[in-house]
Every structure is written in structure tokens, then in C-alpha cells.
Amino acid sequence: MNSARNAVTVIGLGPMGHAMAEVLLDRGYAVTVWNRTASRADGLVARGATLAQSPAEAVVANEVVIISLTDYAAVDAVLEPATHALDGRVLLNLTSATPEEARAGARWAADHGAVQLTGGVNVPPSGIGQPESLTFYSGPREVFDRHRAVLDVLTGRAEHQGEDPGHAALLYQLGVGMFWTAMLGYWQAVALARANGLTAADFLAQADDTANSLTRFFAFYADRIDSGVHTGDVDRLAMGMASVEHVLRTNADSGVDTALPAAVVDLFRRGVEAGRGADSFSALVELMAKPGA
Ligand SMILES: NC(=O)c1ccc[n+]([C@@H]2O[C@H](COP(=O)([O-])OP(=O)(O)OC[C@H]3O[C@@H](n4cnc5c(N)ncnc54)[C@H](OP(=O)(O)O)[C@@H]3O)[C@@H](O)[C@H]2O)c1
């Protein structure tokens, strides 16, 4: 095993793992790689990376093993045949997972003599290696501190978020959940714009304004929500219900798919039916936190 500070293994060469291997090579690291589809390593090998012939060979090569796979089912499929090689390894697992999956993964690693540091990378491949990019980590603080140099290569900002290996996964899912939902809102608006003869480019400046306004809403609501204040002084849920129905009908009238705006109307309707029509639409948070209430 190579415990040198400037030698690492990368398992998984999707867009993320590939970008990580690239930036590690850029910074002078000796990089061993393995990927199910071996040809994805060709460009890296041409730059000096070593292609392991099996996951076990990749794990054996270095103390620090970066894992960037689609999900933990893939992690299991790749690492199960390599359990004999895991003793003494630091598994820097940057694969998306639920908090429970991340905790189970950390227990599984410990059972085989390895330690897992869970990571949630908050940027796309283009952000890998950039100073402003952020990754949340959780797991043993001592491991985070000892391997800080390589973490800083991957994203310029590395934040340790506690010993619970599930916590980084939770923080990642909070952000990525917002991301997917917000982007779906954008796709819906683009589909509606296109159905009415506008291009995505025509709508871009307005989309930017709308997205940029959201941070002010987060700041306005955060304290109120934490204090349980849902006063309908600026935005009554009943008003919101009428508004989202207009959005739904505009999509329907334009022949656009209505699954997403209909789901939004359904949430607002449930809030009104729960007696919150005169409250702020932030009262929906209570409904979402306790759906049975
Ligand atoms: N892309 C992003 O913008 C982004 C941003 C932040 C976090 N993430 C997270 O980072 C992780 C990696 O992202 P990515 O975009 O690189 O993912 P990806 O396109 O899903 O590729 C990841 C890798 O998983 C491998 N894989 C999948 N199933 C496998 C299996 N059963 N056995 C062996 N290998 C398997 C693929 O191998 P093959 O090459 O052989 O298919 C590929 O190398 C994901 O968990 C993702 O959620 C992604």
C-alpha cells in the first residue's frame, strides 16, 4: 500500500470521478484509477495515471481511495469482491446516498478494517478543483484533518460537519433536493415559453431575476419559520392557491404537461383544507414536515 500523501486511487470515472482524477494529476498526484468501463480511463492513462485491472488492485494501491459511483448499490457491487484489500484504507466516499445508506456504508467499511469519510460534493464536474467549490464531509475528524490536502485539491472548500457519517449525506440531499425541484420549475417554464413561441434565450433574463430573488425570500422566512410564525401579512396561502391554479391552467391551455403544476396546486389545496388559508404560504412547511397531521 502506498501511504504517501501524494498518491491516491479513484474508483469510478463518471464525469465527477474523471474530473477529480484530472485535477489530482494536474496537482502532481500519482493516481491509480479503476472504472467498470475501462476505456473511460484512456485519457487519464495517457497523462500518467495507472489503470488497475480490478477494484481490489485499485484499493491495494493506495491508502486513500476516492469512490465516485452512481449510488451505494454500485459501491457494493464494486467493493464486495475487494473486501480482502480494504484493511487500513481510507474510503473517501463521494457517492450520493441517503444518510442511512452512508451510515451503513461506514459500518461495513469498519467491519473490514477501513474507515469511511462521507462526502457531499456541492458542485458539478466543472467545479472540481475550483477554489470556491464546497464539499461537506462527515466521519472521523482525525481522518478529515490528516487527509485535508487531498480534500482541498478536490474542492477548495472542505467543511467537516461532524462525526456522524450520515450527516454529510443529509446536507447533500438538502441541497440537491432543492436543486432538482428548482430546475424542474425552470424546465416547466421553458416548456411553457416554447409552447407560446418564446425561446429559452428569450426567457433567460426573467428566469435569472426570478432565481436571484429567491435568496431574499429564504432570508425573510427562515427566522419566522424557526419561530413558528406564519402570519399572513404579506402572502396569504389562499392568494397563493389562486395563483398556482392560474399557472396550472396556463400550462393546460398551452398543451404543456401539467404533472408538476398540478402537484404544486395539490400541496396548496391541502394547506387551505387544513385551515391555513389566511396564513402565510410558509405554513406549508408544517404540512410537509408532518404530512399526516
Ligand atoms: N454529475 C454531477 O453534476 C454531480 C454533482 C455532485 C455530485 N454528484 C454525485 O457524484 C457521483 C458521481 O457522479 P457522476 O456524474 O460521475 O455519476 P455517473 O455518471 O452515474 O457515473 C459514476 C460511475 O458509476 C459507475 N457505475 C454505475 N453503476 C455501476 C455498477 N453497478 N458497477 C460498477 N460501476 C458502476 C459508472 O461506471 P461506467 O463508466 O462503467 O458506466 C461511472 O463510472 C454520483 O453519486 C452523483 O450523484 C454528481
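Two strands are taken to pair if DSSP finds at least two bridges between them, and strands are themselves DSSP runs of at least two residues. The model described here is predicted.

**The sheet**

Eight strands make up an open sheet with mixed pairing, in the order β3-β2-β1-β4-β5-β6-β7-β8. The edges are held by β3 (50–51) and β8, each of which has a single partner strand, so one side of each is left without a neighbour in the sheet.

| Strand pair | Direction | Bridges |
|---|---|---|
| β4 (residues 64–67) and β5 (residues 90–93) | parallel | four bridges |
| β6 (residues 115–121) and β7 | antiparallel | four bridges |
| β7 and β8 (residues 157–160) | parallel | four bridges |

Tyrosine 137, for its part, stands opposite histidine 160 in β8. Strand β7, which covers residues 134–138, is mostly covered, with four of its five residues buried.

**Domains and the annotated span**

The domain assignment of the protein chain gives domain 1 as 7–164 and domain 2 as 196–289, and the C-alpha centres of these two domains lie 39 Å apart. An unreviewed UniProt entry places the feature "domain: 6-phosphogluconate dehydrogenase NADP-binding" at residues 8–156. That span, residues 8–156, is 39% helix and 21% strand, and its end C-alpha atoms lie 18 Å apart.

**Around the ligand**

The shell around the ligand has 11 nonpolar, nine polar and two charged residues. Of the 22 residues around the ligand, those that come nearest are Gly14, Arg36, Thr37, Ala74 and Ser96. Two helices, α1 (15–26) and α4 (72–79), each supply at least two residues of this shell.

**Arginine 216**

Is arginine 216 buried or exposed? Arginine 216, which is found in helix α9 (residues 200–226), has 9 other C-beta atoms within 10 Å; because a residue counts as exposed if 12 or fewer such atoms lie within that distance, arginine 216 is exposed.

Technical notes: Residues numbered from 1 in each chain as written. Predicted model: local features only at pLDDT ≥ 70, side-chain atom pairs only at ≥ 80, totals over all residues. Near = placed C-beta within 6 Å. Nonpolar A, V, L, I, M, F, W, Y, C, P; charged D, E, K, R; others polar. UniProt positions renumbered as here; feature names shortened; annotations may be inferred. Domains from an automatic or database assignment. Buried ≥ 20, exposed ≤ 12 C-beta atoms within 10 Å, placed from the backbone.
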